[in-house]
Amino acid sequence: MAVIAMWAHSRSTSTAFLRMMIERGDVVVVHEPWLEFTDTGRVELPGADGRQAVATSDQELIDHLTALGANSTVFVKEVLDHRYPGVFENPARLAPFVHVFIAREPRQTIASHYAMKPTVTRPEIGFERLYELFELLRGVCDRQPLVLRSERLLTDTETAVRTFCRYTGLPYLPRAMSWQPQERAEWQRHRAWHIDAINSSGFADRGNDYEVTVDNSPLLKDFYDHHRPFYEKLVEHAD
């Protein structure tokens, strides 16, 4: 049994990946616990007895996930909209977890993030934090974290998912690659961010068009120029 942590920037297709993990039915799925803890000061987590548990500190969150992973395989998906102190300042506490990173080419990601949140700041775009965390975990873990490209997940889904399964030790389950569109309780707090996942039935590039883009906005161009090098450094390690 294990805790598998998937680290992502927002708008990376990581929620669709989480939806696939829900469809598998053989793992306990936890949606963005550090984001919830940062926003509210507490986070509800599934308990080993089937009841909900509540963590009110970062250490309680890590301890609970670790205990849950002793008897079940746990999949945690997290976005790096914030620089979570409990993660970045003491990454060794997360060394026993299995770590996976997912990244999408910044141009479309930045336009999508801005469309959802026009007040987004440059750090919130997330690629710099993603690469920083990759390097931190690379330094404390027994093996290098897995890096997945979102584009490969969308265009060659089977290969990308098989790569993930080989790395994590999970069986490849073809039936989990498609699902029925549905609302999910874990998405309700930030529902607007998850509409595509709610309406999805599998991995697909929706090809959304945005009014404000890297090509017509100096602000978004600044975001792109800053984050693109971190994206390139990260995907050098992609399988």
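1. Helix α1 (residues 14-24) lies across strands β1, β2, β5, β6 (98-103) and β7, and runs at about 165° to β5. The model is a predicted one, and the points below should be read with that in mind.

2. Helix α3 (residues 58-69) also packs on the sheet. The strands touched by α3 are β1, β2 and β5, and the direction of this helix makes about 150° with that of β5.

3. The sheet itself is open and has 5 strands, paired in parallel in the order β2-β5-β1-β6-β7. Its edges are β2 (28-31) and β7 (146-149), each of which pairs on one side only. From one strand to the next, the twist averages 20°.

4. One pairing can be followed in detail. Strand β1 (residues 3-8) and strand β5 (residues 74-79) run parallel and are joined by 6 bridges. Within this pair, A5 stands opposite V76 in β5.

5. A further point concerns two helices. Helix α5 (residues 106-116) packs with helix α10 (residues 218-235) at an angle of about 135°, and their axes are 10 Å apart. Angles over 145 degrees would count as roughly antiparallel and those from 65 to 115 as roughly perpendicular, so α5 and α10 are oblique to each other. The crossing of α5 past α10 is right-handed.

6. Which residues make this contact? On α5 they are P106, R107, I110, A111 and Y114, while α10 contributes L219, L220, F223, Y224, R228 and Y231. The residues of the contact of α5 with α10 comprise 9 nonpolar and 2 charged, with no polar ones.

Terms used: Residues are numbered from 1 along each chain as its sequence is written. This is a predicted model: local features need pLDDT of at least 70, side-chain atom pairs count only at pLDDT 80 or more; totals for chains, interfaces and linings use all residues. Side-chain values use heavy atoms; hydrogens and water are left out. Axes are lines fitted to C-alpha atoms, for helices over the stretch in contact, and angles run from 0 to 180 degrees between N-to-C directions. Helices (H or I, at least four residues) and strands (E, at least two) are DSSP runs, numbered from the N terminus. Angles under 35 degrees count as roughly parallel, over 145 as roughly antiparallel, 65 to 115 as roughly perpendicular and the rest as oblique. A crossing is left-handed if the near helix is turned anticlockwise from the far one by less than a right angle, and right-handed if clockwise. Contact means heavy atoms within 4.5 Å. Ala, Val, Leu, Ile, Met, Phe, Trp, Tyr, Cys and Pro count as nonpolar, Asp, Glu, Lys and Arg as charged, and the others, Gly among them, as polar. Two strands pair if DSSP finds at least two bridges between them.
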